Amino acid sequence: MGFRKDFLWGGATAANQCEGGANEGNRGVANVDLMPLGEDRYLVGTGKMKMYDFDDQHFYPALTAVDFYHHYKEDIALFAEMGFQALRISIDWSRIYPQGDDEYPNQEGLDFYHCVIDELLKYHIEPVVTISHYETPLHLVQKYGSWRNRKMIDFFMNYCQTIFKRYKDKVKYWMTFNEINNTINFLPDDASDEAYQEAYQHLHYQFVASARAVQIGHEIDPENKIGCMICGITYYPLTSDPEDILFNRSKWEKGIFYCGDVQCKGKYPTFTKRLWKEHNVQLDITEQDLEELKKGTVDMYTFSYYMSQAVTTHKNDDTVSGNMSFGVRNPYLEYSDWGWALDPKGLRYYLEMIYDRYEKPLMVVENGLGAYDKIEEDGQVKDDYRIDYMKQHIIEMKKAVDEDGVDLMGYTSWGCIDLVSAGTGEMKKRYGFIYVDKDNEGNGTLKRYKKDSFEWYKQVIASNGEKL
């Protein structure tokens, strides 16, 4: 049977990790611009360290990234050479509304994405657009407290309406908030009640904003397909101790189902009261909000998947981390250089679990292997390890489709071109089929080189996943 004939093969990027051009085109400063390379990155990203201005002690990789801003035609031509049918990009909110609460949009920003989208369409590549990929105008953070403030909903609606109208008939696949569940996932298990109160309120306002965006997107163009985007992690209990079983259930509920249920079913799940009660959470929720959630359910469920996690209530010092989340080592799995469990079967499990729960079309919009790639003197990059990783995940995807009837729309591998790592800010943690000559400190020519995986993925796409 195999993948559907209109299956969307391609790759995925994010503006703050590849675009650069931060000081061009009348763009404003975004919150992620201030996430530095190094150990402070995690602290800034999770809000434990406040950074509202640049300093001389840090390097800020998002400001230049891999300069897609000036290289997009060259890069898209390479994607087209691989046979891409889709490219996932994000629109940087601060490029459209530099302050976030501006009265009028920035024409130069609108024009830039118009050019990128037209370049994709020239090669018959479907743009798959993330509306908010961690990118929020810094002004909204400083003046309003970002998503702790209900006013953010209206600012976001204004932004959504602008881009839905501008790119009508050009873009039909959209996602509202990237890995929306990470607001909760980034909280440690021992986080304070105040931290949970803030996180759940933040999420509620984003849920309402997403639901309204779905409604507006459908009104402007009924052909639009708008999805949620979840950080997908398959959780396993480390032992059969009932305490571990219950703890594992809570990880699925809090980390995966909480956001998925609201965005796909249009209502808070039954276990919500328990989650809120555990941390004395009292949310600002109106009856109108609840109506919006019902009316604005998503058309598709899109998600990232890199790894699984084993969890336990027992003392265990053999911990591992990945994508800013933590677990314990699973003795049945191998791990990447960055402590990520390599678990293709976990992807199949996730696909089957989620499709059974929501019965909406699914799309894997991030999956890939971050690794140390070495470029040879002749420009070759031998990345058989990446080919093997992706091959095994595609095999399990196919099983989920063939054997369990999962409705899978597409697969866009993460970092189809090397870009800045979200978690670490590094360049040496490479994901792409295309090597970019740039190091962690921003040195390099930015020249692009095809890796061995480039030709491999080209044949995967040409055979619709049959030739691996």
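Buried means under 20% relative accessible area, exposed over 50%, and partly exposed in between (1.4 Å probe, protein chains only). Helices (H or I, at least four residues) and strands (E, at least two) are DSSP runs, numbered from the N terminus. The model is predicted: local features need pLDDT of at least 70, side-chain atom pairs count only at pLDDT 80 or more, and totals for chains, interfaces and linings use all residues. Residues are numbered from 1 along each chain as its sequence is written, and side-chain values use heavy atoms, with hydrogens and water left out.

**Exercise 1. Helix α9**

Task: State what span helix α9 reaches, and why it counts as largely enclosed.

Solution. 
- Step 1. Helix α9 covers residues 193–220, which is 28 residues.
- Step 2. The expected span of a helix is 1.5 Å times one less than its number of residues. For α9 the expected value is 40 Å, and the helix reaches 40 Å from its first C-alpha to its last.
- Step 3. Of the 28 residues of α9, 20 are buried, so the rest of the structure largely encloses this helix.

**Exercise 2. Strand β12 and its partners**

Task: Find which strands pair with β12 and in what sense.

Solution. 
- Step 1. Two strands pair if DSSP finds at least two bridges between them.
- Step 2. Strand β1 (residues 8–12) runs parallel to β12, with five bridges joining them. Here Trp9 stands opposite Tyr411.
- Step 3. Strand β11 (residues 362–366) also pairs with β12 in the parallel sense, over three bridges. Leu362 has Leu408 of β12 as its bridge partner.
- Step 4. From β11 the chain passes through helix α14 (residues 384–404) to β12, in a right-handed β-α-β crossover. Right-handed means that, with the strands pointing away from the viewer, the path from the first strand over the helix to the second runs clockwise.
- Step 5. Strand β12 spans residues 408–414; seven of its seven residues are buried, so it is largely enclosed by the rest of the structure.

**Exercise 3. Around His71**

Task: Describe where His71 lies and which residues it touches.

Solution. 
- Step 1. His71 sits in helix α3 (residues 68–82). His71 is buried, at a relative accessible area of 18%.
- Step 2. Contact means heavy atoms within 4.5 Å. Not counting residues up to four places away in sequence, His71 touches Val66, Leu446 and Arg448.

**Exercise 4. Salt bridges**

Solution. 
- Step 1. A salt bridge is a side-chain nitrogen of Lys or Arg within 4 Å of a carboxyl oxygen of Asp or Glu. This rule gives 35 salt bridges.
- Step 2. Asp75 in helix α3 and Arg448 in strand β14 (residues 448–450) are 373 residues apart. Asp75 is buried at 0% relative accessible area, and Arg448 is buried at 8%.
- Step 3. Lys170 is partly exposed at 23% relative accessibility, and Asp118 is partly exposed at 31%.
- Step 4. Lys398 lies in helix α14 and Glu466 in the segment after α15 (452–462), so the pair ties together parts 68 residues apart in sequence.
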